[in-house]
Amino acid sequence: MIAYSENQCVIISGESGAGKTEAAKKIMEYIAAVSGGNSSSIKEIKEMVLATNPLLESFGCAKTLRNNNSSRHGKYLEIQFNAGGEPVGAMITNYLLEKNRVVGQIANERNFHIFYQFAKAASQTYRDNFGISGPESYLYTSRAGCLDVPNINDAQDYADTLKAMNVIGISAEEQDQIHRMLATILWLGNVEFIEDNDGNSQVKEADIVNFIAYLLETTPELVNKVLVSRTIETSRGNRRGSVYDVPLNIAQGHSARDGLAKAIYDRLFDWIVMRVNQAMQARGEARYIIGVLDIYGFEIFDQNSFEQLCINYVNEKLQQIFIELTLKAEQEEYVREKIEWTPIDYFNNKVVCDLIEAKRPPGVFAAMNDACATAHADPKAADQSLSQRLTACGHSKHFELFDGNFTVKHYAGNVTYAIPGMTDKNKDQLLRDHLELCKSSGNSFLQILFPEDVAQDSKRRPPTASDRIKQSANELVTKLMQSQPSYIRTIKPNENKSPSEFDNKRVLHQVKYLGLCENIRIRRAGFAYRQTFEKFVERFYLLSSKTSYAGDFIWTGDSESACIQILKDTNIDSKEWQIGTTKAFIRSPEVIWGLENQRERYWHNMAQRIQMAWRKYQAFREIKATKIQRVWRQKRQAFELIKFREHGDELLGGKKERRRFSVCSLRTFNGDYLVVNSNNKQTRGYLLREAAQIGTEPAVFSSKVEFLVPRALRSARPMPRQLIVTKDQICIIEEKVVEGLVQHSLVSKSAVSSVRDLAMSPYQDGWTVVHLESQPDLVFNCEFKTELIDWLNSVSQGRIRLQINSTIAYNNKNMKQTQLKFVKNEAAQRPVFEKKSVQICSGLPAGT
């Protein structure tokens, strides 16, 4: 589908019980598994597609003599895909529901599964409301004498059916109405007729009619009327005539009763299919379709009737498609394309299809319709009329008529059909009275099932069952011909429904009549693959360097010459291919598989090259990213340092001269120069922390300083000390050696909150005065003055201000105010403290 942009269909055929329904389910499961799409809507479509299997099996399958789960209808499921091959929707077309099974089955067969599931496993609410009991209580489910089937659990299947309804989205109210209709059909089957004094039919048990009226939400009188009489309206020209209520005899009463039951079930089944299609509407643009056909298989019983004729007719039509598209079309194509070919004979079953469906000369269906039209009142008279009219089919060598039976020589074998009852089943009778009954019902769901208006012309006959089946079969063939078909031929290994038996003669017979032998001979003698020049080139142009370059199509000639060039460049033996007038032909499937493998390998190699280039690009990106990250880590501290230094410059405000060496490089602001934050007890920093008594509080700044120490009767002088600043404290530590051991003692400890301001000179020195509240001020010389100011400003959240002055007043140890003067002396290369003054040479300008 994706490769050639063509819609596809899978036609599954074979005898009843050969495994068609199971094959269809496996195909749908496979499509759901391999198709793409992870969105909720696509998953929902997949779940709904799979949920249609148990739902439609319950309502459309039944137990027959040859198959415990036989499809009694045709189902064509079209799964819709978008351009990417993701399922976006689905649609089911229903064909040829075997309505007659609702009202009658041959011995040891069953009605549709849903009736037994409902009768056995219905909830107590349904049993109370709809009068449901076991299947043995109803004529439609018990007359054939088969209530249970080995390996079928009706109760479990019923639970699966209800679950499928919920997945599809059928509401609880709709489910109630579905079960109401099923109960109505079951109770209709229990209506029996007796003959009154005038020889007309009358209902035997009025209570049953009353209950049916309750289920249909109408009056018992109206239900009784439509079962025992028929309304006839005469007319003259365009004028309405008289209206008569014509009583029915017992045979006509049974026919009318069964016709109503079949009509309700048929409309109910169509509604379920419509409801499923409504739920599975496409969630996006549908570009492609894959169709899967599951329809009942060919049937041959000891007693064959109208149902088997219709089933076998449909299988004849499907076999005709197979012949037209494989055996006949293929050989005609070889002649048309001027390919060397020796014709192979085969049986064309078109003559059998014409025998059944043709109007001129009249076929079996035409004879049946004529018999129903001329003897509609008496079923036996209609059957005799059919027997007479079938003599017109004697011109065909595939037809024989004898003793109330006729034989049709189908492609799968000769089948003898019994004429009795055929015309009655063909009538498919829905009387005007029945339609009026449904339209007048108070049940809105029943009115939805019968939306058409009541016809005014009573002489107008509805299409017969054979008409509907013929129309549906032709519509099915038309739809299948619009897609590219693939075939699954199911083979039934034995007649005993055993998984371990293999009847060679039985299998060989199926292989022969399915035309597989002729198909194999044609395939072996012919060509396994053929495609138009344009599509062949579009598919395989990558395999030749003369038709493609880097994935682009570069051929400038016509498509035929491009095909030849591709086949030559791929080194295929010339005996393995031929060129027709419009198509290229390849003899063996191994060759086309080889071309497909080369194409896949081309894309694989291109993918490898792309992956290799991508990996190189990714490696290049990672290497460059690593370099950028390494440089960034190295520079990030510098960026922070620059920002910190700029903040320090802002605090100084261009009011203090700069030292020459402080501006020649970006020094890292370490902060803790004495390693006070170390946890190693053997380090000097840990001893300083213990002496400062700051506990676990980290130090934001620590450094050596020259602290101005007062002396008795003499002026103060700077002495080496250690300065530690935390978020809350400013500590001065003295370090001295006593008897060969280093000792640390706390000289001063002040709270950061007690600092009023800082004072410094306008020169390049590092002397700093820390003015404190109610304490002697701290006076010291610090090499890292800018960093110290920054940290004190940071821990005080900008509260501490800086004063710049050449003369700074401070409180000494005795809280007496003293002045510290700063004097310019170009001879003093380093700050010199002498007699309460500091001499310093000129530095770089303050704005440097």
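A positive surface patch is formed by K624, K627, R630, R633 and R636, where a patch joins residues with over 30% relative accessible area and no salt bridge, like charges within 9 Å and nonpolar side chains (Val, Leu, Ile, Met, Phe, Trp, Tyr) within 5 Å. The model is predicted, with local features requiring pLDDT of at least 70 and side-chain atom pairs counting only at pLDDT 80 or more, whereas totals for chains, interfaces and linings use all residues. Residues are numbered from 1 along each chain as its sequence is written, and side-chain values use heavy atoms, with hydrogens and water left out.

**Surface patches**

- R636 has its place in helix 24, which spans residues 589-652; helices (H or I, at least four residues) and strands (E, at least two) are DSSP runs numbered from the N terminus.
- With a relative accessibility of 41%, R636 counts as partly exposed, the classes being buried under 20% relative accessible area, exposed over 50% and partly exposed in between (1.4 Å probe, protein chains only).
- A nonpolar patch on the surface is formed by W614, Y617 and F620, which together have about 360 Å² of accessible area, as given by the Shrake-Rupley method with a 1.4 Å probe, only the protein chains shown counting as cover for residues.
- W614 lies in helix 24 and is partly exposed, its relative accessible area being 48%.

**Strand 24 and its partners**

- Strand 24 (residues 755-760) is largely enclosed by the rest of the structure, because five of its six residues are buried.
- Strand 24 runs antiparallel to strand 25 (residues 767-772), to which five bridges join it; two strands pair if DSSP finds at least two bridges between them.
- A hairpin through six residues joins strand 24 to strand 25, and L758 has V770 of strand 25 as its bridge partner.
- Strand 24 also pairs with strand 27 (residues 801-804), in the parallel sense and over four bridges, with M760 standing opposite I804 of strand 27.

- Four strands in the order 28-29-31-30 form an open sheet with mixed pairing, whose edge strands, strand 28 (807-811) and strand 30 (832-833), each pair on one side only.
- Strand 30 pairs with strand 31 (residues 837-840) over two bridges in the antiparallel sense, and V832 stands opposite Q839 in strand 31.

**Salt bridges**

- The whole structure contains 37 salt bridges, each defined as a side-chain nitrogen of Lys or Arg within 4 Å of a carboxyl oxygen of Asp or Glu.
- R180 and E217 meet through their side chains in a salt bridge (4.0 Å, N to O); R180 lies in helix 8 (residues 172-189) and E217 in the loop between helix 9 (206-216) and helix 10 (220-228), so the pair ties together parts that are 37 residues apart in sequence.
- R180 is buried at 12% relative accessible area, whereas E217 is partly exposed at 34%.
- K225 and D433 also form a side-chain salt bridge (3.8 Å, N to O), a pair that links distant parts of the chain, with K225 in helix 10 and D433 in helix 17 (residues 432-439), 208 residues apart.
- K225 is partly exposed at 28% relative accessibility, whereas D433 is buried at 2%.
- A network of salt bridges links E15, R66, K492, E495 and R506.

Note on methods:
Lys, Arg positive; Asp, Glu negative; His and termini not counted. Charge placed at Lys NZ, Arg CZ, Asp CG, Glu CD.
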